[in-house]
Amino acid sequence: MGLGRLFPMRTERDSMGDMTLPEGALYGASTQRAVLNFPISGHRLPGAFLRGLGLVKFACAEANAALGLLPQEKARLICAAAREIADGRLLEHFPVDVFQTGSGTSTNMNANEVIANRASQLAGEPIGSRRPVHPNDDVNLSQSSNDIIPTVLHLSVARALRDRLRPALVGLEAALAERSAAFAGIVKIGRTHLMDATPLTLGQEFSGYAAQIAKAVARCDRAGSLLEELAVGGTAVGTGLNCPPGFAAAVCAILSRETGIAFREAGNHFEAQAARDDVVEVAGLLAATAGALSKIAGDVRLLGSGPRSGLGELRLPATQPGSSIMPGKVNPVMCEMVVQVGHYVQGLVTTVQLAGRDGQLELNVTLPLLAYSLHEAVGCLAQAAHRFAEACVAGLEADPARCRELTDRSLMLVTALNPILGYDRAAEVAKEAHATGRTLREVVLARGWMTADEVDRVLDPRGMTGPR
């Protein structure tokens, strides 16, 4: 039984001929061809990207009207339909797979058709009639997929960095700083190479984590600034063919007004369309953020290991049962989630780097994959940082007794003896203490090298947590 016997269908015509598609779909023949051509992954372009596409189409219509290229009534209808997309409506009418034409032409035409058909509805005309708005002649006026999709890529990722990732990182930084303050008085043993080192406070350790995330926030801001140049105005190959003077500047001004981000026309349109170096750099900054999150989560997991046979310096919040066979076991699942997200983002970053490399001649033709990978990376990092702060960091507790026990047992307190005994004698003390099971204090006193008061003062762990 044919599809038309099961569901109402309609026929539209484009430059390649007739195409049958679902009756209620706001997209048209060009989009349906892409649906049939690319049944690849089932992954569609992210909603944030599609909302950005709606906003760019809105700005283009407004600019075309201001330049006298588009009649006011057509511009009003296009702006109304495009605004619905920008607001997150009509996204169900964007069915094209991520793995499609590398320029994103299928998605650009998808938007053109949805906007034109929605304009027909608003004007009381049947969808598919191309009255009063034509998808190419009106919605795509002064544009090409080759400059519009890179423009949407920059705009949508810049907004995602500002609105999703940055707030999540700021929240995590605050949670870590709060724990740093709470742990300021707890002395513990430091570790380098996973071996005992000199003491520090747990608060100092967490201040390092907070500083890492503060730098991640700065990287997020820097990444956003890299995306402020927009390719709009370059049309097919960067020459601006069929694009009137002043159009790109007008579109950038409208997008800046709508988003609060200082977008500007690309300084060189040939670079803006042929290369994707800016988004590759953004991906590198996201990789650094993923690495920071993974390092912190890994450290928290180690410090909380146990509860009786591990380091046990931290007590992690219990969020769910940890084992289907071991009753009462609780695992550091929030830390494990963050580490996995870090691995995933590193893979996405590698994809972006390869995609940026593989742009030949006048156009990079991996744009949909770039958009998907960057939005996926930003979204996962944002959610991971938010949940880690909320469900793990905020509820962390220290075990001061355990911290003190491990500090007192460490032989690396001997480092404080270097200025008094010299490195070689201090090494002898450490080796003898380790071999005999005696304390550093006992060995030093037995050898008569220091008085009891001197040893107690020098080997006080708190005194080692800052410069002497």
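With which residue does Glu 228 form a salt bridge, and how far apart are the closest N and O atoms? The partner is Arg 264, and the closest N and O atoms of the pair are 3.3 Å apart. A salt bridge is here a side-chain nitrogen of Lys or Arg within 4 Å of a carboxyl oxygen of Asp or Glu. Helices (H or I, at least four residues) and strands (E, at least two) are DSSP runs, numbered from the N terminus. Arg 264 has a relative accessible area of 39% and is partly exposed, a class that falls between buried (under 20% relative accessible area) and exposed (over 50%), with a 1.4 Å probe and protein chains only.

The model is predicted: local features need pLDDT of at least 70, side-chain atom pairs count only at pLDDT 80 or more, and totals for chains, interfaces and linings use all residues. Residues are numbered from 1 along each chain as its sequence is written, and side-chain values use heavy atoms, with hydrogens and water left out.

In total, the structure holds 30 salt bridges. One of them joins Arg 441 to Asp 456, with 2.6 Å between the closest N and O atoms. Arg 441 belongs to helix 17 (residues 440-447) and Asp 456 to helix 18 (residues 452-458), so this pair ties together parts that are 15 residues apart in sequence. Arg 441 is partly exposed at 33% relative accessibility, and Asp 456 is partly exposed at 38%.

A further salt bridge pairs Arg 257 with Glu 258, whose closest N and O atoms are 2.9 Å apart. Glu 258 is partly exposed, its relative accessible area being 28%. Both residues belong to a network of salt bridges that also links Glu 62 and Arg 83.

Glu 62, Arg 257 and Glu 258 also take part in the contact (heavy atoms within 4.5 Å) of helix 3 with helix 9. Helix 3 (residues 47-66) packs against helix 9 (residues 247-259) at an angle of about 130°, and their axes are 9 Å apart. Helix 3 is therefore oblique to helix 9; angles under 35 degrees count as roughly parallel, over 145 as roughly antiparallel, 65 to 115 as roughly perpendicular and the rest as oblique. Axes are lines fitted to C-alpha atoms, for helices over the stretch in contact, and angles run from 0 to 180 degrees between N-to-C directions.
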